[in-house]
Amino acid sequence: MKNVTVVGAGLMGLGIAQIFAARYYSVTVQDISIAALDRMPETIARIGDLLGNDPETSRRIRTTTDLGQAVGQADLVIEAAAEKLEVKQSIFSVFEKRAPGEAILASNTSVIPISQIAVPVTDKRRVMGMHFWNPPYLVPLVEVVEIPETGHLERDRIMQLLTSVGQEPVLVRRDIPGFIGNRLQHALKREAIALVANGICDAETVDRVIKLGFGSRLGVIGTLEQSDMVGLNLTLDIHNVVIPDLDVTQGPHPYLQQLVAAGHLGMKTGKGFYEWTEERAEAVRERLKTFLARQAEGRRELSSDHQHGQERT
């Protein structure tokens with residue numbers, strides 16, 4: 001694979017484009033918004049400054065508003081457009097008509113089943129999900145989602161490709177809404193919202209418990225590893241008490257619906273679960289970016305040490 005096309009010039013799309021351009025792939029980014037495409041060099045340069053990448057990376061990325069032209073010579077196409085099924089299906093219908101017959105067609109959707117997105121495509125062996133996490137240049141995980149028709153050869157090529165550009169692919173064997181990560185994340189979020197809505201605690205307390213409690217170890221030991229470590233008999237005893245009392249609201253929690261209906265959408269409106277000033281919001285964004293950048297640097301150092309160790313061996 002030499003030519004990669006990314007459809008969508010938002011933060012996710014440009015982040016994905018940067019990953020491949022930094023590894024010297026020829027990258028095309030398509031978007032209907034000229035303004036979004038015009039921001040590409042600045043965004044890529046900012047990512048490069050953060051990671052210490054080649055400042056010429058953006059020169060390996062071309063942009064266009066023409067979707068058919070963008071995919072015409074692609075070996076891999078990654079759709080990173082709006083999270084709306086009808087939008088994604090319309091884009092995949094163009095892939096079907098204009099992309100080369102052997103091009104891999106992937107969607108970066110975070111929750112929509114790939115089989116629904118792939119409806120317009122006749123040859124579905126080359127269709128799969130490639131769910132990058134935000135920001136993709138700092139969070140290495142990619143969920144590769146196969147549908148029943150996905151070819152094993154095509155799937156394995158993508159897993160190898162992602163590994164070669166420094167990502168950490170995992171295989172999702174069944175195409176279900178939310179895949180793995182977002183199902184886990186939003187199960188936690190549902191209970192967190194219920195705790196606040198029921199007056200058990202406020203939003204800040206929920207987040208302190210997560211960050212200072214079990215969250216501090218999640219990067220080192222996974223949930224099921226931890227269950228095995230403490231013993232499944234203890235896990236079962238805890239579940240017998242806790243599981244029957246967890247929130248089982250069908251659909252989005254009414255408390256969340258009320259906040260949205262009132263226009264309290266979070267940082268962008270100044271109020272959500274918290275009250276936000278622009279300074280406070282920027283401090284949180286900077287804290288997250290700095291933390292993720294340090295983690296990414298640590299992974300690069302470990303990888304470099306491992307490689308040098310192999311060379312000495």
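**Patch, core and burial**

Modeller: Helix 12 supplies the largest share of the nonpolar patch, four residues. The model is a predicted one.

Biologist: What makes up the nonpolar surface patch?

Modeller: The patch consists of Met229, Val230, Leu234, Ile238, Val241, Val242, Ile243 and Leu246, and covers about 680 Å². At least two of its residues come from helix 11 (223-230), and at least two from helix 12 (232-242).

Biologist: Where does Ile243 lie, and why is Ile243 called partly exposed?

Modeller: Ile243 is in the loop that runs between helix 12 and helix 13 (254-261). Its relative accessible area is 42%. Buried requires under 20% and exposed requires over 50%, so at 42% Ile243 falls in between and is called partly exposed. A patch residue needs over 30%, and the 42% of Ile243 therefore passes that cut-off.

Biologist: How do you know whether helix 1 is mostly covered or mostly open?

Modeller: Eleven of the twelve residues of helix 1 are buried, so with under 20% as the limit for each, helix 1 is mostly covered. The buried ones include Met12, Leu14, Ile16, Ile19 and Phe20, and also Gln18.

Biologist: How does the span of helix 1 compare with the expected value?

Modeller: From first C-alpha to last, the twelve residues of helix 1 reach 16 Å, close to the 16 Å expected at 1.5 Å a residue. Just after helix 1, Tyr24 has a positive phi of about 70°.

Biologist: Which members of the largest nonpolar core touch the most other members?

Modeller: They are Phe20, Val29, Leu76, Met130, Phe132 and Ile158, out of 33 residues. Helix 1 (residues 11-22) gives this core its largest share, seven residues. In soluble globular proteins, nonpolar side chains tend to be buried together.

Biologist: What does Ile158 contact, leaving aside neighbours within four places in sequence?

Modeller: Ile158 contacts Met1, Leu76, Ile104, Met128, Met130 and Val144. There is also a second, separate core of 21 residues, among them Val7, Ala74, Ala99 and Ile147.

Definitions and conventions:
Residues numbered from 1 in each chain as written. Predicted model: local features only at pLDDT ≥ 70, side-chain atom pairs only at ≥ 80, totals over all residues. Heavy atoms only, no water. Core = buried A, V, L, I, M, F, W, Y, C linked by side-chain atoms within 4.5 Å. Buried < 20%, exposed > 50% of the residue type's maximum accessible area, 1.4 Å probe, protein only. Contact = heavy atoms within 4.5 Å. Expected span 1.5 Å × (residues − 1). Patch = residues over 30% accessible without salt bridge, like charges linked within 9 Å, V, L, I, M, F, W, Y side chains within 5 Å. Areas by Shrake-Rupley, 256 points an atom, 1.4 Å probe, with all protein chains shown as cover. Salt bridge = Lys/Arg side-chain N within 4 Å of Asp/Glu carboxyl O.
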